[in-house]
Amino acid sequence: MAEYVASTAVESVKNQAKEYASPYLRYFFCYGEIVEDFKNQRKELKLRKQRVKTRVDEAKRQIKVIYEDVEDWLRRAEKELEETQNFEEEIDGVKRFKWCPQWSWRYCLSKKLAEKTLIISKLLETSNFPQVGSRGSLQGIEFITSTDFMDSESSKSALNQIMEAINSVNMIGLHGMPGVGKTTLAKEVGKHAREKNLFDKVVMFTMSQNPNIKKIQEKVADIFGLHFETSSQEGKAEELFRSMQGVKKILVIVDDLWEEFKLESIGIPFGDEHKGCKILLTTRHQQVCTKMNCQKEIQLGILSEDEAWVLLRDKAGLEDECSTLTHVAKEVAGECKGLPLAIVTVAKALKGESLDGWRAVNQRFKDSRHLDNEEVLGGVLKPLKLSYDYLKEGNSQITGNDIQMCFLLCSLFPEDAEIISDVLIMCGIGVGLFPNAFSIEDKRNEIGMALKKLQKSGLLLETDVAETIRMHDVVRDFAHWLTSTGENRFMVKDKLKEWPHMVGCYTAIALWNCSSNIKNFPDKVEFSKLKTLFLKGGAGDDLLVVPNTFFEEMKALQVLLLENVFPPKGFHSLPNLKTLCCIRCKLENFSSSLTNMRSLEILALFETKFDEISEELVKFSALKLLFVEVEEEEEINFPPNLLS
């Protein structure tokens with residue numbers, strides 16, 4: 001009976017303590033309830049954290065940006081679960097002293113549990129997130145996957161110039177020949193700018209020859225996290241324009257621009273509309289940089305011989321520096337002449353190939369047959385063909401064809417040759433380029449402009465001498481590939497020791513460095529369609545002697561360039577010849593040998609020995625240019641009536 005009364009008294013005190021007393025009394029008398037409440041709340045927090053974490057993981061897989069308050073809640077939940085883990089052990093310790101608890105220990109534990117339960121309860125109250133994240137703007141896959149950049153002297157110099165110019169100008173133009181690595185460098189600029197947080201947003205898109213404005217606008221919108229509310233191109237441009245104006249610092253990389261273009265039509269603000277928006281454009285045409293008013297123009301050059309080898313070695317996975325295969329591979333790298341696109345394409349095609357495979361490709365390069373193999377260099381053809389076809393853009397059909405023919409004529413000269421512009425112009429006039437220009441001076445200007453356009457398009461290269469131009473070997477091989485079939489068929493051979501097998505379908509033939517003792521040199525060849533012939537003998541005094549009947553079946557010939565040649569005594573069989581250019585030749589009965597060449601417009605003699613210039617030339621009414629260059633000690637007597 002006494003026990004019952006005591007128990008009832010204790011229970012009564014507990015209830016009153018819960019209702020009226022301070023929390024401190026509750027820690028003594030409501031220990032079991034506090035423990036139970038703590039365990040339930042902690043268990044609920046653990047489950048709730050798992051559910052929120054699952055939602056966050058799913059959102060991240062959907063490329064969503066997690067809200068900061070969600071991330072903060074997860075951190076605090078994790079912290080509370082870690083800190084309360086030890087409380088479970090303390091609770092078990094109190095149980096072991098059930099009949100004789102240490103009241104001070106129990107009081108302290110009860111107090112800590114109650115405080116933690118309150119914190120956990122508040123966490124649970126704030127855990128009902130409608131959404132854990134939102135779709136963020138993309139960063140640009142180009143800058144995430146950009147690993148092809150090679151730190152060459154040319155690319156390093158261009159990169160440094162671009163990064164320096166970005167701080168001071170609004171528009172930068174990067175130009176260079178097809179396949180030189182402009183796009184790769186532009187990606188590296190974007191990657192560099194993003195990693196160093198130089199801009200709030202970096203976006204890159206490709207214009208190409210026929211730009212798809214809709215796709216470009218969609219890509220830019222993705223980067224800026226913009227969802228279009230309009231459907232027209234103009235409406236989307238305005239939405240983009242306003243959205244981008246709200247971002248303080250932007251780098252826009254416009255890749256592969258072919259012609260002048262109003263970036264506002266896409267929705268790109270720059271200049272006075274947005275001084276924090278910087279533009280980097282890449283193009284194979286230098287004049288595009290000028291037309292776009294680029295404040296800084298940078299040309300990207302080719303790789304050095306050592307850099308070309310390192311690139312090919314790495315891409316082909318070659319390791320043994322001393323093997324025969326490596327020796328052949330170095331020759332192949334040299335044949336690519338520093339053009340990164342050609343090097344990478346060849347390396348990928350030959351990766352894992354046997355020594356015989358490498359040797360076969362090397363021989364193809366030496367024979368200029370490598371473009372026949374699509375697997376080896378097919379990837380190089382497309383950008384070069386686009387540049388070649390684009391020569392007609394903005395020009396009449398006739399002018400476009402003439403510019404293309406200028407390009408093809410350059411391919412007739414030897415590999416790595418520095419082509420004298422005047423000689424090329426004479427040949428161009430001879431084949432009838434720019435027929436609407438009547439005077440020699442007008443034709444000269446037109447062809448000169450065509451050569452400039454080819455240089456600015458990256459299809460021809462400048463040299464250290466202003467009066468000469470050069471063609472990159474891979475581009476030259478591309479021209480030979482173009483002229484290997486069809487109506488305009490060319491043949492180019494060098495260092496001939498034996499006369500090549502030829503059929504009469506060629507319109508242009510160039511035979512360089514033919515030894516004087518060449519085997520099987522024919523007395524006569526039948527080329528009814530041949531319009532251009534370049535023929536060069538050996539070096540020095542090793543003049544190539546040409547039989548008198550050699551030209552008899554070349555009735556259509558319009559241009560004849562002879563160098564180190566002892567030609568026949570007469571050219572009577574060339575009634576349509578318009579340009580005759582002799583370099584270091586020896587001519588006998590010179591004036592009389594030109595009888596019946598009534599179509600001759602240009603006669604050029606460079607360091608050529610001849611007996612006389614007679615009044616026979618007066619009969620050449622079509623002659624418009626007479627160019628004679630002799631050694632200082634020689635004298636020439638011109639007939640008095642000739643120049644009239």
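Biologist: Three strands form an open sheet: in what order do they come, and is the pairing parallel or antiparallel?

Modeller: The order is E8-E10-E9, and the pairing is antiparallel. A quick caveat: this is a predicted model, so local features need pLDDT of at least 70 and side-chain atom pairs count only at pLDDT 80 or more, while totals for chains, interfaces and linings use all residues. Residues are numbered from 1 along each chain as its sequence is written, and side-chain values use heavy atoms, with hydrogens and water left out.

Strands here are DSSP runs of E, at least two residues, and helices are runs of H or I, at least four, both numbered from the N terminus. Two strands pair if DSSP finds at least two bridges between them. The edges of your sheet are E8 (419-420) and E9 (461-462), each pairing on one side only. E9 and E10 (residues 468-470) are joined by two bridges in the antiparallel sense, and Leu461 has Arg470 of E10 as its bridge partner.

There's also an open sheet of seven strands, with parallel pairing, in the order E11-E12-E13-E15-E17-E18-E19. E11 (490-494) and E19 (625-629) stand at its edges with a single partner strand each, so one side of each has no neighbour in the sheet. From one strand to the next, the twist averages 5°; angles run from 0 to 180 degrees between N-to-C directions, with axes fitted to C-alpha atoms, for helices over the stretch in contact. E18 (residues 602-606) runs parallel to E19, joined by five bridges, and Leu605 has Val628 of E19 as its bridge partner.

Of the contacts with a separation of 6 or more, 62% are between residues 24 or more positions apart. Buried residues make up 49% of the 644 residues; buried means under 20% relative accessible area, exposed over 50%, and partly exposed in between, using a 1.4 Å probe and protein chains only.

Notes
Contact means heavy atoms within 4.5 Å.
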